[in-house]
Amino acid sequence: MKFGVIVFPGTCDDIDAQLACARVGDAIPLWHADHDLQSVDAVVIPGGFSYGDYLRAGAIARFAPIMTEVIEFAGAGGHVMGICNGFQICCEAGLLPGALLTNDNLRFVFRQVSLDVINPDTAFTRSLERGRPLSIPVKHTTGRFYAPESDLDRLEQNGQVVLRYAPSQNPNGSLRDIAGVINEQGNVFGLMPHPEHAVDPLTGSTDGLGLFASLRDSLSGSLV
Amino acid sequence: MHARVLVRPKAGILDPQGAAAERALSQLGFAGVSEVRIGRLVELEVEDPAKLSEMCERLLANPLIEDYEIVDG
């Protein structure tokens, strides 16, 4: 199973993302200026500050050359995981609904949060131990998830809300405590927390690894 | 020609930066200030001002969360 991790100017969490993917498969970097996904099985859009978050976080990265292929790949059912800045880029690119706004407390928040898995049946969550919350760090200034109320209702009804911050854990004012969503098709997943920073006992929690493992399991045919 | 675009957060969406500026104004002693909202001014030279709307729709503003106004051009 080969993961491709996109690298834009200003991306900084690509190395941890590649290392996390490499624990469950193979991982290669994909350069923003190329037009070649190099036959990867899944794409990860990692965290960081692509193009300095200039204009709006992800607004410029969304038009990088490689995004033409990523959008085409997603349209054809290819699996994409957008982490933090990657989630912002997916929303700007219309791959996911909603938008990420400035944290309501105006602070850069960097702490461990507890996440409830709301939809355990997605390609990204199906291998997780059921009913157990995930302890994963967040690290962002612009993580408040927003969508109009009617869209939020639809997301909840469709099972597109995948992760919520556990009660009293919401670090940024995200509406309905939403921490991660999938698209209608179920192949594009965006989350603000950083699972790639929670894959080794050295950093306190290995709860992030299950998201990468679930994706690997979903694509390797070991789960229908 | 010279063009100016104002990009504003949509009404009804929390603007914490505006709220922070409002609190600061109050702390400075300015009474009677409310509804502070902070947007963005984009100034540019364009040969074809007819393209400004599309520039706003595609890049300069996020239509889900922002309104834009072409003030010149």
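I began just after helix 5 of chain A, where A:Gly221 takes a positive phi of about 85 degrees. Helices here are DSSP runs of H or I with at least four residues, strands are E runs of at least two, and both are numbered from the N terminus.

**Ground rules.** This is a predicted model: local features need pLDDT of at least 70, side-chain atom pairs count only at pLDDT 80 or more, and totals for chains, interfaces and linings use all residues. Residues are numbered from 1 along each chain as its sequence is written, while chains are lettered from A and ligands numbered from 1 in the order in which they are written.

**Confidence.** I noted ipTM 0.92 and pTM 0.96 for the model. Chain B averages a pLDDT (the predictor's confidence in each residue, from 0 to 100) of 96, and 100% of its residues score at least 70.

**Helix 5, chain A.** I listed the buried residues of helix 5 (209–219) of chain A: A:Gly210, A:Leu211, A:Phe212, A:Ser214, A:Leu215, A:Arg216 and A:Ser218. Buried means 20 or more other C-beta atoms within 10 Å of the residue's own, exposed 12 or fewer, and partly exposed in between, with C-beta atoms placed from the backbone. Their cover includes helix 1 (14–22), strand 3 (42–45) and strand 4 (79–83) of chain A.

**Sheet of chain A.** Next I traced an open sheet of nine strands, order 2-1-3-4-11-10-9-6-7, with mixed pairing. Strands pair if DSSP finds at least two bridges between them. Strand 2 (26–31) and strand 7 (134–140) of chain A stand at the edges with a single partner strand each, so one side of each has no neighbour in the sheet. Neighbouring strands are turned by 25 degrees against each other on average, direction ignored. For such angles, axes are lines fitted to C-alpha atoms, for helices over the stretch in contact, and angles run from 0 to 180 degrees between N-to-C directions. Strand 4 and strand 11 (188–191) of chain A pair in the parallel sense over four bridges. I found A:Gly190 in strand 11 as the bridge partner of A:Gly82.

**Cores.** The largest nonpolar core has 74 residues, and A:Val5, A:Cys21, A:Val43, A:Val44, A:Val80 and A:Cys90 have the most contacts inside it. Such a core is a set of buried Ala, Val, Leu, Ile, Met, Phe, Trp, Tyr and Cys residues joined through C-beta atoms within 7 Å. Helix 2 (65–75) of chain A gives the most to this core, with five residues. I checked A:Val80: leaving out residues up to four places away in sequence, A:Val80 touches A:Val43, A:Ile45, A:Val70, A:Ala74, A:Cys90, A:Leu95, A:Asn187 and A:Val188. Contact means C-beta atoms, placed from the backbone, within 7 Å. A second, separate core of six residues includes B:Leu52, B:Leu60, B:Ala61 and B:Tyr68.

**Chain B.** I turned to an open sheet of three strands, order 2-1-3, with antiparallel pairing. Strand 2 (40–45) and strand 3 (66–72) of chain B are its edges, each pairing on one side only. The twist averages 20 degrees from one strand to the next. Six bridges join strand 1 (2–9) to strand 3 of chain B. B:Val7 stands opposite B:Tyr68 in strand 3. Helix 2 (52–60) of chain B packs on the sheet, touching strand 1, strand 2 and strand 3, and its direction makes about 40 degrees with that of strand 1.

**Loop check.** A:Asn158 lies in the loop between helix 4 (149–157) and strand 9 (161–165) of chain A. A:Asn158 counts as partly exposed because it has 14 C-beta neighbours inside 10 Å.

How values were computed
Two residues are in contact if their C-beta atoms, placed from the backbone, lie within 7 Å.
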